[in-house]
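User: Please walk me through this structure. Keep it brief.

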Amino acid sequence: MADFVRTYNAVLVFMAINGVLAFSMYAVLIAGQLSLAQAAFASIAAYTSALLTINLGLPFPLVVVVGVSVGAVVALLLGLPVLRLRGVFLAIATIGFGEMVRIVALNLDITGGAIGLRPIPKVVTLWQAYLALALCACFFWRLRPSKLGRGLAALREDEVAARAMGIDVVRYKLFAFTVSGAMAGLSGVLFSHFTRFIAPGQFGFERAVEALLYAVVGGTGHWLGPVLGGGFLTFLPELQRQLGVEAGWLRPFYNGLILLAVVLFVPGGLVGLGRPLGVSRRRRFGAAEKAAPSVEAASPAGPSGNGPLVRLEDVGKSYGGLAALANVGFCVERGEVVGLIGPNGAGKTTLINIVTGLTQASTGVVEVRGTRLRRTPANRVTSLGVARTFQQTKLFAHLSARENVAVGGHRVARDTFLRRLVFVPGARRDEASDLARADRCLAMVGLLDRADEPAERFSYGDQRRLEIARALCGEPALLLLDEPAAGMNHVEAQSLADLIRSIAARGVTILLIEHNVRLVMRTCSRVLVLDFGRLIADGPPGEVARDSEVIRAYLGTSADQPSSVPEAGP
Amino acid sequence: MQQLVNGIFLGSIYALFAMGYTLVFGVLDLLNLAHQAVFMLGAFIGWLLAVEFGWPLWAAVIGAVAAGAILGLLIERIAFAPLRGRPDAHFAGLISSIALAIVMVAVALGIFGPQTLRFPPGSFPSARVSFAGATVSVLQLVILAVAVTMMLGLNWLVASTRLGRAMRAVAENPRAARVLGINVERVTLITFMLSSALGSTAGILFALAFNSIRVEMGLAIELKGLAVIIVGGMGSLPGAMLGGLLLGLAEVFSVARIGSGWRDVVAFGLLFAILLLRPHGLLGRKRVREV
């Protein structure tokens, strides 16, 4: 054993260093961001730490702290402007940044230019490298089940929905980016103080791609993935050498093939292959089920202040020259169940998007619970106690039903990550109560028995119910339902009506957008009708159903066929 | 004046390369990071045909273009087609195309080795033309002519042909295009082939212009190509042309002013400025995001 360690010391240390780099990529991938600046962060930290060691002779632990901080700060500073960019643009911006860093390192005197820096004392020992790796792994092990970890997963699955659940998307991305920078910095410090020599070429685009390779091949579904990916792919060349196959092109060749195969056929990566492991873990988290999911009211957020819950005054919205809404004004009072109907393209979803902060009104005044919305981001509106469902369901497809609903509870859940990280027992209690709350909401919509299944496996109607449960988990004062009955059959719509009534009975105010007029007439105490962006009727269901303008809008004829609009139900 | 001519010359090659990039992005909303490998292989295949097989230069160039189209077909089939319908197709496509690029570069390394290949002396006509105080070789003129012809040809194709109309329809809304009877699969495949043909042409022209072919040549231009399409506006063909020319000129003049070591900082400085100030680029369209 001792012999083995001595012979393979270098390989073993590199397995750990590359694992740390893989974790830095993992940090952004789990938030759904593809950044390729990892090598640049590592490079900046490697140069800084090497210069500190060479010129000032600082002790190694201090150098590590400085290197990690430098990586984190640079990542934060880069993240502030670039994280507004989506998908490919973020990837391109970070590639550009990486290239800039390389060019700067190549041209400065202090970095030694193309020749690089040497000699750097070799101080990293095997156990230190693995301690660093273990710390990174521990960080993500503690992160995943926390509120923060759940939020990052939600962000990865669907950014718009995550924002609508109250998650401050920008802050979450910055967190992921900063962690990524810190870990990249750590790998850079370890690298420079092990190889004794650094040059700009070691931190180019290829190195960033290596980080991606390790993280993706290892798998992003579990915190062990980067350890596996970094270890496996660092060990392979050694194996190849043992077998006596020497060819410079062979290593990139099989690396590329492995990456390609993983992306196409095993998106879960190496850890995804060990599925049973994941399942047994999931079971233990099912412990929350024991918290007696007796159908008890998910108590809505208490009233704050007086006046209407929602007040719109003279609201208009235009896209280019097209007016989607014009002069719309109404109030929703506490405890009401208001239906909003209108033909396709009447502006119903636009209206909901304005009330939830996903879009801004072009003109007019929008107030939610007494707060006037002026470019207020959706997550802030949510924190006022507004929850919504989407016309086209926006569930977090790969998360379990329970996790989906728990993300919906973002507004009322307490942060647990920092306490989890240091194993404070209160964190576990808070998490159990979050999951218990999620279970109560699942029970309300009748999906508790399928809490562990991923959302994508649910039928269309069940997905709609799951969205309602998710919205309820934030204990909203106002619930906006965007065509919840679309695509439902008669029986499902009937049970949906019962569900809406039972939610209303708990004191939640509801704004229901629906095409199914029968459902609206049955559940709502008041009905608004939009037509071509204008409000043409506002009143009790019976009255609205007889309104001649409403009938004309729906049927395009004069009011001589009043019987065609369904009467208010029982 | 000489600088201006050199800048336009370099810029036309950048533009040609970037148009291939932006074509796939504009039509299919995918970023194909294997494009650089096509550029590199185009140069190698051209060299192989001209030097090893003894083809005349013009035939070697055509051969490289055709090979590029085939590579495009392979890239689409291997790295992108299997992902279709997956919710993370954009993300995964980015990664799978990087993976395929790694494989292609490794294959080139295995076949051609790490050394720089050159065309033997006397391969090119040596005539030179002078006008308005600048000197250009006939070879440069021919390269410029090929690049400009291909750019105009592509613009015409997209703007005025039935195929171009189908491509624009797919770009607008693939599902609606399918409903209207457009064979989206076929349009996708052709888009990739055209894109790669352009990339491969840029590769062989670059090789002729600088008489230097290396396995790493794709990487440098990949990063510049990204800068070009960002500056010009993602998905905009005229934007890619404008961006290519701008970058070519900026590089040539910055070498003269601030030294060759810092040349590439200009490209990425430009990239950052545009990304932060005008993310849809100089000539790109703003895309309205659906909620």
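Predicted model: local features only at pLDDT ≥ 70, side-chain atom pairs only at ≥ 80, totals over all residues.

Analyst: From the N terminus on, chain B runs α-α-α-α-β-β-α-α-α-α-α-α-α.

User: What radius of gyration does chain B have, and what would a compact globule have?

Analyst: The C-alpha trace of chain B spans about 55 × 45 × 35 Å along its principal axes. Buried residues make up 50% of the 291 residues. A compact globule with 291 residues would have a radius of gyration near 19 Å, and chain B agrees, at 19 Å.

User: Are helix 1 and helix 8 of chain B roughly parallel or antiparallel?

Analyst: Helix 1 (residues 2-28) and helix 8 (residues 184-210) of chain B pack with their axes 8 Å apart. Their contact has 15 nonpolar, seven polar and no charged residues. The angle is about 165°, and over 145 counts as roughly antiparallel. The two helices of chain B are therefore roughly antiparallel.

User: Which element of chain B gives the largest share of the side that touches chain A?

Analyst: In this interface, 36 residues of chain B are in contact with 36 residues of chain A. The chain B side divides into 31 nonpolar, four polar and one charged. Elements giving two or more residues to that side are helix 4 (89-112), helix 9 (217-232) and helix 11 (263-277) of chain B. The largest share, 16 residues, comes from helix 4 of chain B.

Terms used. Residues numbered from 1 in each chain as written. Chains lettered and ligands numbered in written order. Axes fitted to C-alpha atoms, helices over the stretch in contact; angles between N-to-C directions. Helix = DSSP H or I, 4+ residues; strand = E, 2+ residues; numbered from the N terminus. Parallel < 35°, antiparallel > 145°, perpendicular 65-115°, else oblique. Nonpolar A, V, L, I, M, F, W, Y, C, P; charged D, E, K, R; others polar. Contact = placed C-beta atoms within 7 Å. Rg over C-alpha atoms; globule rule 2.2 N^0.38 Å. Buried ≥ 20, exposed ≤ 12 C-beta atoms within 10 Å, placed from the backbone.
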